[in-house]
Amino acid sequence: MKRDLSFVSHGVRCAAWHLPAENEALAGPHGRPCVVMAHGFGGTRDSGLLNYAEGFAEAGIDTFIFDYRGFGDSDGTPRQDVSVRRQRQDYHAALAAARRLPGVDPHRIVLWGVSYAGGHALVVAAQDTRVTAVVSLTPVTDGLASLAHVVRHAGVGRLLRLAGHGMWDTARALTGRSPHHVPVVAEPGTLAMMGVPDAQEICSSFAGPTFRNEVCARAALKVGLNRPSAFLGRLACPILVQIGTKDRIAPAGAARRAAREAGRWGELREYPVDHLDVYAGPGQQRALADQLAFLSRVLKPTRSP
């Protein structure tokens with residue numbers, strides 16, 4: 001049963017859910033392990049993440065799911081502004097909040113992220129060496145590779161259109177006007193940050209009531225600057241990288257390289273799915289099964305003698 005909570009990140013209230021473990025299967029001397037979860041580009045905690053969190057709870061793992069500042073039920077302005085820097089700050093604040101949860105072992109905290117957050121989780125784990133492990137699902141690990149991926153699938157024209165909208169939104173921000181938004185997902189050939197076939201139908205299968213299919217267009221100008229792969233050499237914990245071989249948004253090749261560059265810490269799993277297929281249905285179930293197998297190993301408690 002999820003519990004509504006909140007925490008503060010840089011002076012702003014962030015909304016969160018805590019799902020306590022349903023059993024003590026992985027409990028140790030200091031409590032139960034906990035997975036800290038956040039959504040990807042423009043997503044909200046009520047959009048598919050519970051499908052994973054409920055599986056973790058059944059396995060004896062607490063989960064802490066939060067909305068970034070400016071998204072979902074969290075406070076903060078401007079609304080729907082995808083800022084890599086702020087989102088990573090929110091992850092750090094959520095980590096601190098999860099470590100204070102009653103019954104949670106602060107020494108066994110896992111970072112879980114999907115899409116953009118799959119990259120954030122790698123960076124935050126590199127910055128916080130107390131993190132036990134990372135689950136990185138269909139991650140964006142290299143912004144430049146992502147831009148090249150967009151060009152291959154949608155052509156340079158779409159990239160130029162998004163850049164134009166991004167510059168217009170930036171100009172509005174500099175002059176104190178309201179943000180200019182573009183859709184997060186839409187059908188290929190239409191203006192959106194992500195062009196996915198059957199986008200509306202797929203999103204309706206998992207999107208929650210707080211999800212808004214729009215973000216500030218300025219985000220398009222910052223994609224190439226998002227380079228989580230640059231932090232891989234600083235990782236000191238196991239990571240599970242899960243990629244979709246048919247992914248039109250997050251390039252599988254870049255994620256494979258990330259898993260290799262993580263060396264002995266990296267574990268790779270591949271699935272014949274597209275980017276949005278991991279939130280519900282068979283793709284989600286396969287990804288969850290591999291996550292549970294991974295977490296059961298890395299979160300095994302150390303028993304007192």
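Reply: A salt bridge here is a side-chain nitrogen of Lys or Arg within 4 Å of a carboxyl oxygen of Asp or Glu. This is a predicted model, in which local features need pLDDT of at least 70 and side-chain atom pairs count only at pLDDT 80 or more, while totals for chains, interfaces and linings use all residues. Residues are numbered from 1 along each chain as its sequence is written, and side-chain values use heavy atoms, with hydrogens and water left out.

Me: What makes Glu267 and Arg269 a salt bridge?

Reply: The closest N and O atoms of Glu267 and Arg269 are 3.2 Å apart, and the limit is 4 Å, so the pair qualifies as a salt bridge. Glu267 also forms a salt bridge with Arg297, where the closest N and O atoms are 2.6 Å apart. Arg297 lies in helix 8 (residues 281-298) and Glu267 in strand 12 (residues 266-271), so this second pair ties together parts that are 30 residues apart in sequence; helices (H or I, at least four residues) and strands (E, at least two) are DSSP runs, numbered from the N terminus.

Me: Why is Glu267 called buried, and why is Arg269 called partly exposed?

Reply: Buried means under 20% relative accessible area, exposed means over 50%, and partly exposed is in between, with a 1.4 Å probe and protein chains only. Glu267 has 18% relative accessibility and therefore counts as buried, whereas Arg269, at 33%, counts as partly exposed. Arg297, at 46%, counts as partly exposed as well.

Me: How many salt bridges does the structure hold, and what does the one between Arg99 and Asp128 tie together?

Reply: The structure holds 17 salt bridges. In one of them, Arg99 and Asp128 have their closest N and O atoms 3.0 Å apart. Arg99 lies in helix 2 (residues 84-99) and Asp128 in the loop between helix 3 (116-127) and strand 6 (133-137), so the pair ties together parts that are 29 residues apart in sequence. Arg99 and Asp128 are both buried. Elsewhere, Glu24, Arg32 and Asp62 are linked in a network of salt bridges.

Me: How do you know that Cys34 is in no disulfide?

Reply: The structure holds zero disulfides, and the case of Cys34 shows this, as the nearest cysteine sulfur, that of Cys237, is 15 Å away. Cys34 is buried, with a relative accessible area of 0%, and Cys216 counts as buried at 0% relative accessibility.

Me: Why is the pair of Phe66 and Tyr91 called edge-to-face?

Reply: Rings of Phe, Tyr and Trp (its six-membered ring) pair if their centres lie within 6.5 Å, and planes under 30 degrees apart count as stacked, over 60 as edge-to-face and the rest as tilted. The rings of Phe66 and Tyr91 have their centres 5.3 Å apart and their planes at 85°, so the pair is edge-to-face. The pair links distant parts of the chain, with Phe66 in strand 4 (residues 62-66) and Tyr91 in helix 2, 25 residues apart. Both Phe66 and Tyr91 are buried. Tyr68 and Tyr91 also form an edge-to-face pair, 6.4 Å centre to centre with 65° between the planes. Phe7, Phe64, Phe66, Tyr68 and Tyr91 form one aromatic cluster, and the structure holds eight aromatic pairs.

Me: Which residues is Ala254 in contact with, leaving aside its neighbours within four places in sequence?

Reply: Ala254 is in contact with Thr141, Asp142 and Ala145, when those neighbours are left aside, contact meaning heavy atoms within 4.5 Å. Ala254 sits in helix 7 (residues 252-261), and a relative accessible area of 7% makes Ala254 buried.

Me: Is Leu160 buried or exposed?

Reply: Leu160, in helix 5 (residues 156-174), has a relative accessible area of 59% and is therefore exposed.

How values were computed. A disulfide is a pair of cysteine sulfur atoms within 2.5 Å.
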